[in-house]
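Subject: Structure handover

Hello,

Here is the structure I promised to pass on. Please open it first, then read the notes below.

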Number of protein chains: 2
Amino acid sequence: MYQGLIEKGKEIFIVQSAASVLNWDMETKMPPKGIALRSQQLAVVARVAHRMITDPEIGNLLDRIEGYPEYDTLDGIQKRNVELTRKAYNEFTKLPEELVAETERQRAITVDTWKKAKAAKDFGTLKPELEKLVELRREAGEILMEVKQTATPYDALIDHFEPWITAETIAGIFDELKEGLISIMRKCLGADKQPDSSILRRRVPVDAQRRISESLAEFLGYDVKSDEAGGRIDETEHPFTSGYYDDVRITTHYYENRPMSSLFSVLHEAGHALYDQNLPGDWMFQPVGNASSYGIHESQSRFVENILGRSYEFWSYYLPTLNEFTGNIFSDVDLDDFVLAVNQVEPSKIRVEADEITYGLHIILRFEMERLLFAGSIGVDELPDIWNRKYKDYLGVEIENDSEGVMQDIHWAGGYYGYFPTYALGNIYSGQILAAMERDLPNWKAQIAQGSFKDVKRWLVKNIHSCGALYDPQDLIREVTGQEIDVRPYLSYLDEKYSKLYGY
Amino acid sequence: MYQGLIEKGKEIFIVQSAASVLNWDMETKMPPKGIALRSQQLAVVARVAHRMITDPEIGNLLDRIEGYPEYDTLDGIQKRNVELTRKAYNEFTKLPEELVAETERQRAITVDTWKKAKAAKDFGTLKPELEKLVELRREAGEILMEVKQTATPYDALIDHFEPWITAETIAGIFDELKEGLISIMRKCLGADKQPDSSILRRRVPVDAQRRISESLAEFLGYDVKSDEAGGRIDETEHPFTSGYYDDVRITTHYYENRPMSSLFSVLHEAGHALYDQNLPGDWMFQPVGNASSYGIHESQSRFVENILGRSYEFWSYYLPTLNEFTGNIFSDVDLDDFVLAVNQVEPSKIRVEADEITYGLHIILRFEMERLLFAGSIGVDELPDIWNRKYKDYLGVEIENDSEGVMQDIHWAGGYYGYFPTYALGNIYSGQILAAMERDLPNWKAQIAQGSFKDVKRWLVKNIHSCGALYDPQDLIREVTGQEIDVRPYLSYLDEKYSKLYGY
């Protein structure tokens, strides 16, 4: 029975990995006229995957495993596969095939409309498509809240990204995070010592930035060049990672006058890619051979981007390399000044360009808006105004148009409601993971300063990546750190780092 | 019933178009390590398509349409859809799902092995994989010969590319073609006037060649640049066209010291792409909304590459443009000398670099070998020797290693047996199509000389592209030209052109 279940599941993971190639192509290479055809392809592939996931034979197999003698012969990993299959089966059998296909179709159309609306700074064009998509997701959330026994449709949507956490729990954690971030932000903004971030606006030609991307990939052991490469780097409006095991691709966006934008995007996305590439090969095509959650995934990207990539030690190693690639345009800059500049705390409008301290505030306000939207307390048409007001309230910035405001991210156009909170959860996890890693690798910073990422990578692979989805995120954090989810290690890390940087 | 049949068929075409994106990505962008996963993706997608095509519900619907009153209410196009669906259904229901999936898997592995074996000039590595693939195709041919009522397995394989033609018929046509080609070849090689083809080995940097590709695409109205583009140009070892309607992509291969190689590849592939893009939109996702055959497809690519692209009139228009893109490296060359050079008749080793006259000989020998291979008269291990002997006999050239010999093309590694003859059939058709077009557009050459492809394109769209698969290839040729398949118009076109060029 068990082997039959695994065989049936394998096909599902293969189809989903094929769909991710179609999605990647849609964002990177597809000729613009292909969008309608691609929407139909994605809809049909989603329908095919849905039919496979909801195949009654899977239900039969599950029924004939659970509670029967065979179950007791399974090891822990196998039991986890049964558990994850049951969860997915129950959830998906409740979702009508037509709703799934229609959502895929609407998602492709809305993303395409978002691109045009963003270019035209015209939320009006996006609004009707976004409304349709929100309705489709709400419908799914309402169906799923019964299965998942959640209190609200939004909780059911969150559970897809971060299993077994509720909006209420997140709200509590985020309140603590908000308080901590605002406190550090104020100390930084009020400090005597202030960064000169104008140095980061020096022009670096796109070609040089492409070579920098490749050198960062090499440093991280994310192979995009050799005959055995399992990755590649392309260019999109919004950077992302996509793929499965041996074919995991990242994208970035090059701005000539903001070279650090792509540099940190590449570190971030490569952090994701390393997780996907280092899931245990033996578990490929099994439920347990996936990431634990989006939040854990984000902990890995944030770890590489911020904890490593914005550290003094990384730059003591990498600044000379950066100078090589850029014709020494930073050779007049002190290492201390450079590190302070890449860590400048400055409330801003754009999430993906936000610093480590204010970033959480961008997330918290999106989470609050999603929660209101799915509670039915606000409508899609109110999003721009609320967005602008919250940016004013939390970050003190004035949003001038919806392209830099509510339309800045692809997520809502892509139907990813319940996704945003995982970004901040990832930061919180990364702080706990750092504390655990430092116990095992007290000299990790010295290694980074010497240009070696090897031991850190090995530790992450061993403790996080190679666990796949064996544990739910809260359980994984407990396994790795010995603690429950806790904001304090992350806030301590920030406070220690920023007090040094700003001398407060 | 009929509408139900069309709805079920639609999903099949969508899945197949998605598979073509996965194939394109495999050849162009996929990281090398992704090959095993991609093989599995293609196998599963093929299995899914196979299940759809062989869904008994399609058989039921067909049974309840054919011979019932509803059938008489259908128009000619609808009846053709029923006919084509019946043909595909009968063929595919005979092919075991496992054989189809295994063939897809073996095809991906063999193509990958072919790449490496070709780079290493080592047929030994390729041989075992090729043997497995030939066995799988033979197995399919044996099953299909019953359904299609063909005399041999090879005929059944040919029928997939060129419906309702047999190896015996082709052999007869090819004998006539061979005689004609050899006669013209001898006249050219014996002429006093001989081209100076050294001018075509002047270096053109790849970047300039990329701009040339884009300008050729623009001339043909194959849009790869605008916001409404439905095409794109990438780089692969062996050029190809792939896609469906609004997303049809071509590839080329740039050689700095042979700029004409890519130029004619782009014309050739864009000729294919125009056909696929101009199939009638109303018939999208229906059997009738496909090309008539591979041979007819090839007639379109050969028409653009040779009849148009190697004409005096095209170069009287395009040579100044070529000079612009290349820093005037051809400004010392007379138009007459240039046109003679791009039409040089010279027996050579590589099919895709062959001239218009010897090209057919490359095809005829491949056809003869395939026929022997599937008759069981020769084995895969004998291919290299026979290949080399035939090249010596027909073309008088000495093959030095299997990379320039039997491994030069991707087709056999890709499992495309029965495909090669369609290339020469395409040439024969293109001669007949040219004769028909000249009756309607007597001044087409003058238009090309003025840089306008519009009327020619409109004629091709109206007479060929917009017919989709409404007619089988031999019927389409009869519709368009009023004649049966006939080698003479093609040989007349060649003789007239080459006697002028070489002054024989």
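Phe285(A) sits in the loop between helix H11 (259–277) and H12 of chain A. The phi of Phe285(A) is positive, about 70 degrees, although Phe285(A) is not a glycine. Most residues other than glycine have a negative phi. Keep in mind that this is a predicted model.

Asn328(B) is not a glycine, yet its phi is positive, near 60 degrees. Asn328(B) is found in the loop between helix H13 (312–325) and helix H14 (335–342) of chain B. Is Asn328(B) buried or exposed? Asn328(B) counts as exposed, because it has 11 C-beta neighbours inside 10 Å and the cut-off for exposed is 12 or fewer.

Next, Ala435(A). This residue belongs to helix H17 of chain A. Ala435(A) is partly exposed, with 19 other C-beta atoms within 10 Å. Which residues does Ala435(A) contact, leaving aside its neighbours within four places in sequence? They are Thr481(A) and Pro489(A). Thr481(A) is 46 residues apart from Ala435(A) along the chain. The C-alpha atoms of Ala435(A) and Thr481(A) are separated by 7.7 Å.

Helix H8 (residues 153–161) of chain A is mostly covered. Eight of its nine residues are buried. They are Pro153(A), Tyr154(A), Asp155(A), Ala156(A), Leu157(A), Ile158(A), Asp159(A) and Phe161(A). What do these buried residues of H8(A) pack against? The partners, in chain A, are helix H7 (123–148), helix H9 (167–189), helix H12 (294–308), helix H15 (359–374) and helix H17 (420–440).

Now a helix pair in chain B. Two packed helices are described by the angle between their axes and the distance between the axes. For helix H1 (residues 2–28) and helix H3 (residues 56–63) of chain B, the axes come within 9 Å and cross at roughly 150 degrees. H1(B) and H3(B) are therefore roughly antiparallel, as angles over 145 degrees count that way. The crossing of H1(B) past H3(B) is left-handed. On the H1(B) side, the contact is made by Gly4(B), Leu5(B) and Lys8(B). On the H3(B) side, Glu57(B), Ile58(B), Leu61(B) and Leu62(B) take part. By class, this contact of H1(B) with H3(B) has four nonpolar, one polar and two charged residues.

Last, the two chains together. In contact across the interface are 31 residues of chain A and 31 residues of chain B. Which elements of chain A give two or more residues to the side that touches chain B? They are helix H1 (2–28) and helix H2 (35–53). H1(A) gives the most, with eight residues. By class, the residues on this side of chain A divide into 16 nonpolar, six polar and nine charged.

The copies also superpose. A rotation of 180 degrees, with 0.0 Å of shift along its axis, places chain A on chain B at an RMSD of 0.0 Å. The two copies are thus related as by a two-fold rotation axis. The same surface serves both copies, and 100% of the contact residues of chain A recur in chain B.

Best wishes

How values were computed
Residues are numbered from 1 along each chain as its sequence is written. Chains are lettered from A and ligands numbered from 1 in the order in which they are written. This is a predicted model: local features need pLDDT of at least 70, side-chain atom pairs count only at pLDDT 80 or more; totals for chains, interfaces and linings use all residues. A residue is buried if 20 or more other C-beta atoms lie within 10 Å of its own, exposed if 12 or fewer, and partly exposed in between; C-beta atoms are placed from the backbone. Helices (H or I, at least four residues) and strands (E, at least two) are DSSP runs, numbered from the N terminus. Two residues are in contact if their C-beta atoms, placed from the backbone, lie within 7 Å. Copies are superposed by least squares on the C-alpha atoms of residues with pLDDT of at least 70 in both. Axes are lines fitted to C-alpha atoms, for helices over the stretch in contact, and angles run from 0 to 180 degrees between N-to-C directions. Angles under 35 degrees count as roughly parallel, over 145 as roughly antiparallel, 65 to 115 as roughly perpendicular and the rest as oblique. A crossing is left-handed if the near helix is turned anticlockwise from the far one by less than a right angle, and right-handed if clockwise. Ala, Val, Leu, Ile, Met, Phe, Trp, Tyr, Cys and Pro count as nonpolar, Asp, Glu, Lys and Arg as charged, and the others, Gly among them, as polar.
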